[in-house]
Protein chains: 2
Amino acid sequence: MARLVMKFGGTSVANIERIKNVARHVQREVEAGQDVAVVVSAMSGKTNELVAWCKEGAALYDAREYDAVVASGEQVTSGLLAIVLQDMGIKARSWQGWQIPIRTSDAHGSARIEAIDPAALNEGFARGEVAVIAGFQGVHAATGRLTTLGRGGSDTSAVAIAAAIGADRCDIYTDVDGVYTTDPRIVPKARRLDRVAFEEMLEMASLGAKVLQVRSVEVAMVHKVKTFVRSSFDDPADPKPGTLICDEEDIVEQQVVTGIAYSKDEAQITLRDVADKPGVAAAIFVPLAESNINVDMIIQVVSDDAKTTDLTFTVPTADYERARKILENAKADIGYEGIHGATDVVKVSAIGIGMRSHAGVAARAFKALSDKGINIRAITTSEIKFSVLIGAEYTELAVRTLHTLYGLDKA
Amino acid sequence: MARLVMKFGGTSVANIERIKNVARHVQREVEAGQDVAVVVSAMSGKTNELVAWCKEGAALYDAREYDAVVASGEQVTSGLLAIVLQDMGIKARSWQGWQIPIRTSDAHGSARIEAIDPAALNEGFARGEVAVIAGFQGVHAATGRLTTLGRGGSDTSAVAIAAAIGADRCDIYTDVDGVYTTDPRIVPKARRLDRVAFEEMLEMASLGAKVLQVRSVEVAMVHKVKTFVRSSFDDPADPKPGTLICDEEDIVEQQVVTGIAYSKDEAQITLRDVADKPGVAAAIFVPLAESNINVDMIIQVVSDDAKTTDLTFTVPTADYERARKILENAKADIGYEGIHGATDVVKVSAIGIGMRSHAGVAARAFKALSDKGINIRAITTSEIKFSVLIGAEYTELAVRTLHTLYGLDKA
């Protein structure tokens with residue numbers, strides 16, 4: 001029998017009326033004669049409420065207790081959807097992460113799934129039951145304590161469960177009808193993509209497109225889970241297929257650039273007149289790494305006399321103040337003249353597996369942005385994407401410019 | 001080392017500010033050098049919200065799924081209190097029912113505690129940790145599914161945990177400062193009792209005084225758990241002792257009547273001209289019992305010709321319509337002339353272990369009520385209490401009359 005995992009996010013289960021709509025989507029798939037596992041998020045707003053209580057309880061809260069608190073949101077939805085499905089005459093039962101169990105690491109608040117035992121779910125399928133599974137949560141086997149997978153973790157729950165039960169497909173239902181070439185709120189000409197390669201989706205998610213949790217795409221890629229992104233607000237009787245995330249071999253017409261992403265979660269730090277000597281990079285970046293601050297883009301401009309250099313790099317906005325403090329404390333060690341920073345910057349990225357075989361893709365962008373008077377502060381490139389750091393006020397202009405440049409505008 | 005269980009109800013943990021106040025009560029007891037287990041309810045209003053969602057999901061919801069949904073309320077509070085305690089420098093961790101485990105029957109929605117393994121809690125005490133336990137919930141071992149103990153179940157969790165860990169005392173913190181001779185909202189002269197016997201408390205709880213869940217008093221009585229009812233709104237630095245529920249031998253000055261309770265959850269049904277023949281009682285009460293309808297008070301008035309009888313009895317208000325329908329369907333079987341009913345009735349009860357050794361206690365009440373023009377529709381008595389069924393409009397008058405009659409008014 002075919003097997004399907006369906007995942008519904010917070011806005012799709014925001015109240016009982018919407019949960020009943022979700023149940024109609026499930027009914028359609030059950031009536032098609034498949035084993036169905038449904039993974040649900042917390043009702044929208046609930047996780048925020050729970051997180052706010054933890055923070056109000058203590059600024060530095062115990063992540064294990066945080067997990068016990070926030071995992072409750074998905075527990076509620078799983079029971080409610082099971083109740084609604086049963087009322088429609090569909091056999092169903094709820095499963096908490098610890099009941100299956102979904103075993104995770106003990107990195108509370110951002111745990112990684114280590115193993116999912118499919119035995120209990122398989123027995124349920126044999127009884128003709130829909131498995132309604134609380135997403136986002138698991139259990140650390142050695143301590144028996146509840147864990148959560150971090151924001152967006154239900155996506156990863158769904159894909160990992162699909163891999164564990166050998167599902168033919170994993171449908172991620174959300175409040176948009178697929179993956180777009182860029183954010184449609186900024187570019188009205190953005191197009192929905194029929195297919196995106198795993199590698200591209202991974203970059204898009206990492207670079208600011210918030211359709212899927214990054215980790216879920218990694219899991220889908222490793223386990224080759226055919227994953228669709230589609231809308232829960234479609235008519236359950238006549239749903240659209242959405243966007244398929246798949247192997248690049250399954251994409252017939254490959255574009256050079258598939259999508260444009262942007263992220264405002266970047267802050268820029270520049271160290272002026274750093275002594276250009278061996279070991280200076282270590283003096284700067286080791287203390288940041290030790291404080292778990294991720295450094296992203298790095299550029300170095302050697303001065304005319306070649307004795308000093310200006311060094312610019314970016315860190316997540318949330319870590320900006322902490323990073324500056326660390327560098328100020330290490331001033332004597334590093335040896336620099338001045339420190340400057342900016343948080344009003346944005347990283348705009350173009351992604352496409354076609355870049356591998358096409359030279360000069362990024363160069364065209366630099367010229368197009370320069371023609372619009374946009375100053376590029378930093379650049380990073382990889383095999384299938386490049387990113388530029390620019391002033392935040394140019395976000396929309398830059399995204400639209402690149403979207404048009406690479407032929408992504410709607411016909 | 002002395003051991004203490006502290007239980008806090010929904011109004012005591014209604015928000016973070018109140019949870020911080022609860023933590024100060026816990027701190028006081030920890031600093032007194034005791035092992036402390038804290039049992040918490042859901043934040044007030046949360047259980048109602050969760051129950052309403054279940055009902056909105058389906059009128060006839062699966063009790064197993066209901067339990068998965070509503071058990072989440074206590075989970076949240078347990079984690080939040082652990083966070084707040086840790087922030088005050090007190091070692092603490094949360095425990096869900098299934099983690100300890102608290103094993104229960106599979107009567108979902110009103111499960112009974114069958115066994116509590118104290119091993120994990122004892123290890124926590126050895127590490128110097130306060131155990132913050134989610135009340136109201138447990139797990140059915142064979143199925144691994146979450147269970148709940150019914151409304152007020154956290155009281156029973158607390159007392160059962162006290163018995164399991166051999167606690168010296170169980171303090172039930174609530175929004176009143178103890179057990180009163182009657183409802184102070186009706187009788188301003190009501191007095192707080194220093195001590196109440198287990199048997200009396202059991203009757204009071206059964207008969208409408210809502211301070212403690214009936215089952216918790218049973219467990220306390222069987223396991224001889226010294227239980228205090230006290231207020232969480234007292235100054236944590238200077239709390240009052242509240243009311244001790246204890247063995248009757250520990251009560252020095254026994255009153256004839258200790259308290260007056262009333263319950264509006266009663267409805268009256270009268271069958272007129274029932275044939276006075278063998279088997280008629282069975283024809284009436286067996287079908288009601290089979291539908292899980294509890295019949296409480298029963299009186300029978302034989303008619304002048306002694307061939308027929310009028311039969312009056314009470315059922316819970318929630319079962320009134322159902323009971324009438326069952327009796328109407330069984331009319332031919334039973335053989336009666338007419339059926340009459342009333343829901344505007346109240347049961348007023350007087351409770352006191354002193355009744356065992358004093359004759360005529362109830363008779364004085366009948367006369368006093370009659371003197372006030374109150375018609376008694378039915379009477380039941382037992383060793384340590386009697387109850388009268390009267391018109392609901394006389395509730396306050398009857399309660400005040402009996403409170404004064406038995407010398408319970410404040411000095």
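Confidence comes first, since this is a predicted model. Chain A has a mean pLDDT of 93, and 99% of its residues reach 70 or more. For the model there's an ipTM of 0.85, along with a pTM of 0.87.

**How the chains relate**

Now for the symmetry. In general, two copies of a chain are related by a rotation about an axis plus a shift along it.

**The interface**

What does the contact between the chains involve? On chain A, 27 residues are in contact with 27 residues of chain B. Four helices of chain A each give two or more residues to the side that touches chain B: H1 (16–31), H2 (46–57), H3 (63–70) and H4. H4(A) supplies the largest share, 11 residues. By type, that side of chain A divides into 14 nonpolar, nine polar and four charged residues. Since 100% of the interface residues of chain A are also interface residues in chain B, the copies meet through the same surface.

H4 of chain A (residues 72–87) packs with H3 of chain B (residues 63–70). Their angle of about 160° is over 145°, so H4(A) and H3(B) are roughly antiparallel to each other. The crossing of H4(A) past H3(B) is left-handed. From H4(A) come A:Gln75, A:Val76, A:Ser78, A:Gly79, A:Leu80, A:Ala82 and A:Ile83, which meet B:Glu65, B:Ala68 and B:Val69 of H3(B). That contact sorts into six nonpolar residues, three polar and one charged.

**A helix pair inside chain A**

For another pairing, stay within chain A and look at H6 (residues 153–165) and H8 (residues 214–223). The table sets the two pairs side by side.

| Helix pair | Angle | Axes apart |
|---|---|---|
| H4(A) and H3(B) | about 160° | 7 Å |
| H6(A) and H8(A) | about 15° | 8 Å |

With that angle, H6(A) and H8(A) are therefore roughly parallel to each other. H6(A) passes H8(A) in a left-handed crossing. On the H6(A) side the contact uses A:Asp155, A:Thr156, A:Val159, A:Ala160 and A:Ala163, and on the H8(A) side A:Arg215, A:Ser216, A:Val219, A:Ala220 and A:His223. Sorted by type, the residues of this contact come out as five nonpolar, three polar and two charged.

Most residues other than glycine have a negative phi, and most peptide bonds are trans. Some spots here go the other way. The peptide bond from A:Ile100 to A:Pro101 is cis, with omega near -15°. A:Pro101 sits in the loop between strands S3 (92–95) and S4 (102–104) of chain A.

Over in chain B, B:Ile100 and B:Pro101 are joined by a cis peptide bond too, with omega about -15°. The loop that holds B:Pro101 runs between S3 (92–95) and S4 (102–104) of chain B.

Look for B:Phe136 in the loop between strands S6 (130–134) and S7 (137–140) of chain B.

Note on methods:
Residues are numbered from 1 along each chain as its sequence is written. Chains are lettered from A and ligands numbered from 1 in the order in which they are written. This is a predicted model: local features need pLDDT of at least 70, side-chain atom pairs count only at pLDDT 80 or more; totals for chains, interfaces and linings use all residues. Two residues are in contact if their C-beta atoms, placed from the backbone, lie within 7 Å. Axes are lines fitted to C-alpha atoms, for helices over the stretch in contact, and angles run from 0 to 180 degrees between N-to-C directions. Angles under 35 degrees count as roughly parallel, over 145 as roughly antiparallel, 65 to 115 as roughly perpendicular and the rest as oblique. A crossing is left-handed if the near helix is turned anticlockwise from the far one by less than a right angle, and right-handed if clockwise. Ala, Val, Leu, Ile, Met, Phe, Trp, Tyr, Cys and Pro count as nonpolar, Asp, Glu, Lys and Arg as charged, and the others, Gly among them, as polar. pLDDT is the predictor's confidence in each residue, from 0 to 100.
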